[in-house]
Each structure stands twice: as C-alpha cells, then as structure tokens.
Amino acid sequence: MEPSAPQSEGEMVDRNAACLYIVSTPIGNLSDMTFRAVDTLKSVALVLAEDTRHSRHLLDRYGISTPMEAYHEHNEARATPRMIQRLQSGDSLALISDAGTPLISDPGSRLVQAAAAEGIPVVPIPGASAALAALVASGLDASQFTFLGFLPRKGRERREALASLIAAEETSVLYEAPTRLAATLGEMAEGGGAGRNAVVARELTKEFEEFRRGTVDELARYYTDTPARGEVVIVVSGRTPVTPDETALRERAQLLRAAGATVRDVARTLVAETGAPRNLAYRLAQET
Ligand code: SAM
C-alpha cells in the first residue's frame with residue numbers, strides 16, 4: 001500500500017492517481033531515514049536515483065528491493081518525457097538524490113515541473129538537508145535566511161553573488177567544495193564581509209561532525225592553514241542594519257552637491273558609502 005498522501009485545501013492529492021514522490025534521504029548518517037521514506041520507496045514501481053550504485057547501499061540497508069533507474073543531470077532532459085509517460089500510465093515513481101533532499105543543489109526540477117504541468121500529483125517526503133541542518137545548529141539568526149546553493153564558479157556572476165551576500169541583512173547559507181572553502185571565505189572577507197560572524201558546518205550527521213565558528217576573516221585564515229576535509233556548508237550572518245544618521249547624511253549630500261554631483265549620483269554615493277536606505281538617500285539628495 002502506498003503511504004498516505006497529504007491533504008490540502010488547494011489541490012487535493014488523488015489517492016488513486018500515480019504520484020511522483022520527492023524523497024529526502026540521509027546526508028551521511030543512514031539512520032536519518034524516515035519511516036515514510038522507507039514505506040514510499042518500497043511501494044513505488046521505480047526509484048529514480050542520481051547514482052544507482054550509491055543508493056543501492058541505502059536501499060539494501062532498509063530491505064527495499066524496488067527497481068532503480070539513473071536520473072541525473074546528464075540524462076534528465078532525455079529521461080523526463082519517458083518518466084512522465086510512465087506516471088501517466090499509472091506507475092508511481094520516487095525521486096531520490098545521492099544525499100539529502102532532491103532539487104536542493106541536485107537534479108529533479110525538470111521532472112517536478114513536467115509532472116506539475118501535466119497535473120500529476122507531486123508529493124514531498126521531507127527529511128534531511130545539509131542547508132537546514134547547518135543553519136539550525138549554527139547559532140546564527142535562523143528566522144530569515146537566503147539559501148545560495150553553490151556560488152557561481154567565476155566571473156561577474158560570482159562577484160555579484162558575493163556582493164549580494166555581503167549586502168544581505170538576513171543569514172546566508174551556501175554549499176562549497178572543501179577544496180574551495182578557504183578561497184571563498186577569503187573572497188567574502190575581501191569583499192567587505194571580513195568581520196561578519198560565520199560558521200562552517202562540516203561532515204554533518206557523520207562521525208567527525210564539526211561546527212567551526214568565527215568571523216569570516218578568522219575562518220578564511222584557519223582553513224588556509226588547515227585545509228578542510230569532507231563536506232561543508234557555510235553559514236554567514238547578515239549585515240546589521242545601521243540606523244542612518246540623517247544629519248551626517250545631509251551634510252555629506254550637501255558637500256557632494258556643492259562639488260557638482262547630480263541628485264542621482266549623490267543618492268548612489270550615500271547608499272554605497274553608508275548603506276543608507278535608497279529612498280532616504282534620494283530624499284536627502286533632492287532636498288539639498
Ligand atoms: N541535496 C543535498 C541536500 O539536501 O543537502 C545537497 C546536495 S549538494 C550536491 C552537496 C553539497 O551539500 C556538499 O558539497 C556540501 O556543501 C553539502 N552537504 C551535503 N552533505 C553534507 C554533510 N553531511 N555535511 C556538510 N555538508 C554537506
């Protein structure tokens with residue numbers, strides 16, 4: 001019997017229809033498998049896995065003998081239409097990734113989008129994800145955060161991603177390869193985030209789980225001297241919003257105007273120099 005599908009007021013899941021289940025699996029500690037994940041993987045016609053050999057180990061541990069097929073970034077475009085046909089013919093499928101929650105810096109969005117577009121029920125089976133595990137134990141503000149996944153590797157996109165991380169008032173959570181950890185922290189420090197509190201969460205749920213806390217600069221130096229091993233998540237605290245000192249801003253705006261800057265340039269300079277809210281900067285620039 002298939003595990004019970006959730007009920008919602010919007011789109012009720014038809015209990016008789018074939019479903020696409022998005023199943024979270026452990027991020028290291030195999031005991032982090034939910035009962036519902038096991039039931040689901042046992043009940044479906046096919047498990048779609050990023051790496052079938054890797055996932056066989058997990059399925060064997062839980063006595064799951066459901067057939068598996070590879071579904072990964074190199075074949076998802078080709079495989080998706082076939083999987084949709086299979087769902088439409090009445091077979092429920094489960095998507096898993098190598099670790100954690102599918103689609104979170106992992107393949108699957110194409111399949112979910114196609115299933116949703118065809119009106120096929122998509123049912124999440126929640127569980128581990130490294131981003132949330134790192135965030136909730138980081139000690140940094142978890143009330144609002146941005147998940148950045150892996151930063152772009154280079155160029156303007158990377159610079160912009162780092163700049164928006166440094167400008168953000170909420171906590172940022174990102175994935176990084178251990179070999180790039182020190183360099184990424186170093187770039188954050190150079191980009192204006194040196195004094196920001198941060199946490200590197202390493203080997204979550206595994207034997208050598210570790211949380212290293214410090215400023216971005218301290219962590220950059222630590223990991224330059226002691227290269228990280230294993231898997232890591234970086235959590236960086238947001239910028240503390242400053243209460244703008246209107247008098248000082250007005251004086252600065254007057255100086256800039258007197259030197260010939262346009263209203264627009266004055267406003268931009270105030271924002272860049274002080275982090276003042278854009279609307280305040282424009283108002284003061286116009287008033288001078
Ligand atoms: N879908 C996964 C999830 O829900 O967490 C993430 C997959 S992504 C391809 C792999 C990255 O997740 C790693 O490079 C690392 O940044 C992070 N990660 C996964 N498992 C981890 C662990 N046990 N400890 C720390 N970071 C982990």
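Let's start with a pair of helices: H7 passes H8 in a left-handed crossing. Keep in mind as you look around that this is a predicted model. H7 covers residues 181-193 and H8 covers residues 216-225, and their axes come within 8 Å and cross at roughly 150°. Angles over 145 degrees count as roughly antiparallel, so H7 and H8 are roughly antiparallel to each other.

What holds the contact between these two? On the H7 side you'll find Leu-181, Ala-182, Leu-185, Gly-186, Met-188, Ala-189 and Gly-193, and on the H8 side Val-216, Asp-217, Leu-219, Ala-220, Tyr-223 and Thr-224. Sort the residues of this H7 and H8 contact by class and you get nine nonpolar, three polar and one charged.

Now stay with H7 and turn to another partner, H6. Helix H6 spans residues 155-167, and its axis and that of H7 come within 10 Å and cross at roughly 60°. The crossing of H6 and H7 is right-handed. From H6 come Arg-158, Leu-162, Leu-165 and Ile-166, while H7 brings Thr-184, Glu-187, Met-188, Gly-191, Gly-192 and Gly-193. This contact of H6 with H7 splits into four nonpolar, four polar and two charged residues.

Helix H9 (residues 246-258) and helix H10 (residues 263-274) have axes that come within 10 Å and cross at roughly 135°. That makes H9 oblique to H10. H9 passes H10 in a right-handed crossing. Leu-249, Arg-252, Ala-253, Leu-256 and Arg-257 of H9 meet Val-263, Val-266, Thr-269, Leu-270, Glu-273 and Thr-274 of H10. By class, the H9 and H10 contact has six nonpolar, two polar and three charged residues.

How much space lies in the largest pocket? It's about 450 Å³. There are 22 residues lining the largest pocket, and the closest to its centre are Ala-99, Ala-130, Phe-150, Tyr-175 and Glu-231.

Note on methods: Residues numbered from 1 in each chain as written. Predicted model: local features only at pLDDT ≥ 70, side-chain atom pairs only at ≥ 80, totals over all residues. Heavy atoms only, no water. Axes fitted to C-alpha atoms, helices over the stretch in contact; angles between N-to-C directions. Helix = DSSP H or I, 4+ residues; strand = E, 2+ residues; numbered from the N terminus. Parallel < 35°, antiparallel > 145°, perpendicular 65-115°, else oblique. Left-handed = near helix turned anticlockwise from the far one by under 90°. Contact = heavy atoms within 4.5 Å. Nonpolar A, V, L, I, M, F, W, Y, C, P; charged D, E, K, R; others polar. 1 Å grid on protein atoms, 1.4 Å probe; cavity = no way out; pocket = protein on both sides within 12 Å on 5 of 7 lines; lining within 4 Å. Points joined across faces, edges and corners; volume = space filled by probe spheres on them.
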